[in-house]
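The stops below are meant to be followed in order.

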Amino acid sequence: METSSSSSSSTLEHIFTSTNMIPFCDPYDQPGGMKLIEELTKNAGQIQDMVLDEIIKRNSQTEYMSEFLKGEINRDLFKKQVPIVDYDTMKPYIERIANGEDSNIISGKPIVELLTSSGTSGGQPKLMPSTEEELDRKTFMYNILIPVMNKYVEGLDEGKGMYLLFIKPEITTPSGLTGRPVLTSYYKSHHFLDRPFNKYNQYTSPDSTILCPDSRQSMYAQLLCGLIQREEVFRVGAVFASAFLRAIKFLEDHWKELCNDIRTGDVASWITNMACREAVLRKFLTKPNPELADIIESECQNHPWSGIVKRIWPKTKYIDVVVTGTMAQYVPLLEFYGGGLPLVSTMYASSECYFGINLRPLDKPCDVAYTLLPNMCYYEFIRVNDEQGEITGDGDGGSGALAEEVVPLIDVELGGFYELVVTTFTGLYRYRVGDILKVMSFHNTAPQFKFVRRRNVVLSIDTDKTTEEDLLLAVSAAKPLLSPLSLILSDFTSFPDSSSLPGHYVLFWELIPSNNTSCKNLPLLLDPTVLEECCAVVESCLDSIYRRCRSKDKSIGPLEIRVVGDGAFDALMDFCVSRGSSVNQYKTPRCILPGDAVAVLDEKVVGRFFTKKVPHWEPFKVAEKVVGGKNIAQI
C-alpha cells in the first residue's frame, strides 16, 4: 500500500515550503500569481495526495480517526475505512468540543472557534470547527484572486472597491469558544484588521463601519462613505447578490438623507454607534460638499433607476457578487441597476472550507465555473444522476453511500453531476457538503465546476436554505387553522419571488371546501385574518436562519400565500407534461421556478395574503444537559 507521497512532493517543494500546504502568494506579482495557479492545476492529483497525507498525519491520533485507522498513516486505508458522513454524524463530536472537551476529539490542532453555517440541523445553524491556520488559508485565497482579476480588468490599483460588508450575531459556547459566521470571523480577525496596505484591494468602508453590529447603521455609513468617494470607486459589490440589491433598495429609501449629510458635512443623528460615526466624520465627511450632494441628488431623482450604479459611480468596472446557485434569480435586477456592468462571481466557498476561484471572471453568470484549488482540502465526489442530486448506484444518499461511487478530484468526468465531499485540515473527514456540481471543463488537470444547487434545498432568498422537509412541516403546522373555514388544503407549491426587494417566499395553496359548498364560492370562504395567520405559522416553523433574515437582517420580506381556484394544479401538471415530464411519474413539485409555471398558477389566483407578524428570532444557544454525570452541550 502507498503510505506517502514523498516522490511527488519533492517536485513541488518550491511551492509548498511548509506542511500547511499554503503557498506564498504576492498579490503584487501578477506573473508569479498566474504561474502559481498553473502549477497548482497542473499537479492537482499529486497535491491532493500530499494534502490527504498531511491531514491523516496530523489527525490519525484523534479520537475520531483512531476509531477507523488505529493510528496508521495510510491514505488507502483512510478511503477504505473512514465512512462518508453528513453533519448529523459529526454533530455529537462538535457538541463535545463546544462544551469544553479537548479539540483532539476530531483535530490534532486546537479548535479556536466554531463557524456557523447557513445550513441548519434541527432548525439551528450547523457549527463547523476552525483552527487558527485556516485563516491563513482564507487569506491565500483572497490573495490569489487579485492576479486573476488584474489579468482581465486593468487599472484596479488606481481606485477603490465599494464593498458592502457586514457582521452577523455570534454566540459563546459553554467552553468559551465563539460561534459565528465565517465572514464575521474573518472580518474580526487580525488577518483582516491588520492587513498590509494593498493598492489592488482598498475599500471605501472604514473597518469600524463594517464591524458595526447594527446592520442598518452599518449600511448607512458604508453607503455614505461610498458616495463621498464616488470618483475613486472602480468596483462595487457585496458577498451575495441579494445583499448588494438590498443596499440599492436602502439607497433608494435614504438618498435624500444621505445627500443632506454630504451637503451639511454632518452624519444623521440616528447613527449612534460612535466608532462608526467618528470614522465617517474623521476621514471622509470632513466638510460640507453641496456640489457633490447636488450631483448625487440629480441622479437619484432621475427615474427609473436603470443604470443607477454606473450613474452614481461612473468609473465602476464591474459588480462583484455571488450570482451562482440561488443567487442567479437576481441577475435581471443586477443587470437593470448595473446598466451593462459585468457581473463577476470570483470564488466558491463555504463555512466548511474555501474551495475554488473563477479563472474567467468576466464570463456571463450562466457560464461561471469554479476551479477547485487542490491545496485547500481533500476533495471527493459522489456521482449523481442529474442536477436534481439523486445518487447513482445502490447508495441511499445518506451516510452509507458506497465507496465505489466516490471518485477523487482528477477522476471526475466532463459533463457529470457530482455531490461534493471534503476532508479538511480542521476536523471534517469525508464530509458531505451538500452542493451539487457539474463538471464544465478542465484547467490543466483541475476540473472546473458549475454550482448547480444545494441538495434538498427548495427555497432560498438570501442566506436561508429551506428544504422540502422544512417546508412540508411548516405547511402542515398551518393546515389545522383552515378547519373553522371548512376548507382543506388539497395541494401546494412555492417559489422564491425576487421581483421586488426584499424578496419573499410565495406559497400557492389550492383550497377546496370540506362541505358541499361549490368551489365557485371559494373566494367567499377566505377569511383574511385566518389566511394571514397561516402565513405567520408557516414562518414561525421555518428554521433559525430564515427567521433571522426576516426579523433582524430584514433581507426577506413577509411570506405570501396565493390561494388558487379549483383545477389550478391540473393546469400546472398539463404545463409540466407539455414541457417533457412523464404523466405517469408526475408529482407536484414543491417548488417551481419563476416564469411560465408561476404564470400558469397566477391565472388561477383568487386571493393573496401576507403575514403582518414578524417571526420570533434570537441567537441560538449551546445548552447543556447532564448525561452519566457529564455535561453535554446541545446545539
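This is a predicted model: local features need pLDDT of at least 70, side-chain atom pairs count only at pLDDT 80 or more; totals for chains, interfaces and linings use all residues.

Stop 1: Select the eight strands of the open sheet, which are ordered β9-β10-β11-β16-β15-β14-β12-β13 and paired antiparallel. Then colour β9 (347-349) and β13 (406-408): these are the edge strands, and each has a single partner, so one side of each has no neighbour in the sheet. Looking across the sheet, neighbouring strands are turned against each other by 45 degrees on average, with direction ignored.

Stop 2: Zoom in on β9 and strand β10 (residues 354-357), an antiparallel pair joined over three bridges. Within this region, pick A349 and look for Y354 of β10 opposite.

**Stop 3: two helices.** Next select helix α3 (residues 44-59), which packs on the sheet and touches β12 (378-384), β14 (417-423) and β16 (446-454). The direction of α3 makes about 110 degrees with that of β12. Now show helix α7 (residues 132-152), which lies across β9 and β10 and runs at about 5 degrees to β10.

**Stop 4: T467.** Move to strand β18 (residues 466-467) and select T467. Show side chains here: that of T467 makes a polar contact with the side chain of D470, at 3.0 Å. Which residues is T467 in contact with, once neighbours within four places in sequence are left aside? They are N456, V457 and V458. To finish, draw a C-alpha to C-alpha distance from T467 to R455: the two are 12 residues apart in sequence and 8.5 Å apart in space.

Key
Residues are numbered from 1 along each chain as its sequence is written. Side-chain values use heavy atoms; hydrogens and water are left out. Two strands pair if DSSP finds at least two bridges between them. Helices (H or I, at least four residues) and strands (E, at least two) are DSSP runs, numbered from the N terminus. Axes are lines fitted to C-alpha atoms, for helices over the stretch in contact, and angles run from 0 to 180 degrees between N-to-C directions. Contact means heavy atoms within 4.5 Å. A polar contact is a pair of N or O atoms within 3.5 Å; within protein, one must be able to donate a hydrogen and the other to accept it, and residues adjacent in sequence count only if both atoms are side-chain atoms.
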